[in-house]
Amino acid sequence: MRDGIAHARCVFLGIALRVGGPAASIPGPVFESLRSRFFRKPTLIPGGANVPEGEARSHRVELPDGSSLGILISRVDGRLRALDSLCPHAGGRISQGPLAGGVEAVCPLHLMYFNVKDGCERTDSCAPARVIRIRERGGDAAVWA
Ligand code: FES
């Protein structure tokens, strides 16, 4: 769902920038912020797509601003999925827990179950985990973190 909304925003902004409509009236810093948000390049994780169906792997991604982010990459229904490793409940590490039923990442701190497809917690008792956009490129994984 989030990917769809992000894609729609991207298409809209792309069209707006090409025709020079709204972009012409956007102040420079705002324009740069929008441009970097919608047109930023992914970070490539070499071998990151080598995840068997129903399993998960923990990775640390170096971001363009010099910081890093822990993510959990899994494969469900043949498709790569990625979650931010930081648990939205109380800051535990989702990537340190098992993948229950091949589709739910378990935070080991308080045993909450997050669906790797949409980040939602099984009982909706806390905010969803952040879903990271990911695409498979050969054996590598491209992530927009
Ligand atoms: S910190 Fe993850 S379940 Fe509480």
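Predicted model: local features only at pLDDT ≥ 70, side-chain atom pairs only at ≥ 80, totals over all residues.
The chain has 145 residues, of which buried ones make up 24%. Its secondary structure amounts to 2 helices and 9 strands, and along the sequence these follow the pattern α-α-β-β-β-β-β-β-β-β-β. Among contacts between residues at least 6 apart in sequence, 42% join residues at least 24 apart.

Strands of a sheet pair through backbone hydrogen bonds, in either a parallel or an antiparallel sense. Within it, E2 and E3 pair in the antiparallel sense over 7 bridges, and valine 61 has leucine 69 in E3 as its bridge partner.

The other sheet to consider is an open one of 3 strands, ordered E5-E6-E7 and again described by antiparallel pairing. Strand E5 (99-100) and strand E7 (112-115) each have a single partner strand, so one side of each is left without a neighbour in the sheet. E5 is joined to strand E6 (residues 104-107) by 2 bridges, the two strands running antiparallel; here alanine 100 has glutamate 104 in E6 as its bridge partner.

In soluble globular proteins, nonpolar side chains tend to be buried together. The largest nonpolar core of this model has 25 residues, and those with the most contacts inside it are Ile71, Leu83 and Val143. The elements that give two or more residues to this core are strand E2 (56-62), strand E3 (68-76), strand E4 (79-84), E6, E7, strand E8 (131-137) and strand E9 (140-144), and E3 gives the most, with 4 residues.

Is a given loop residue buried or exposed? Serine 95, which is found in the loop between E4 and E5, is buried because 22 other C-beta atoms lie within 10 Å, where 20 or more are needed for that class. Leaving aside its neighbours within four places in sequence, serine 95 is in contact with Ser58, Gly70, Leu72 and Ser85. Serine 95 also lies 8.8 Å from isoleucine 73, C-alpha to C-alpha, although the two are 22 residues apart in sequence.

Two further loop residues deserve a look for their backbone angles. Most residues other than glycine have a negative phi. Leucine 111, in the loop between E6 and E7, has a phi near 55 degrees, a positive value in a residue other than glycine. With 10 other C-beta atoms within 10 Å, leucine 111 is exposed, the limit for that class being 12 or fewer. Aspartate 124, which lies in the loop between E7 and E8, likewise has a positive phi, near 55 degrees, and aspartate 124 counts as exposed because it has 8 C-beta neighbours inside 10 Å.

How values were computed
Residues numbered from 1 in each chain as written. Pairing = 2+ DSSP bridges. Core = buried A, V, L, I, M, F, W, Y, C linked by C-beta atoms within 7 Å. Contact = placed C-beta atoms within 7 Å.
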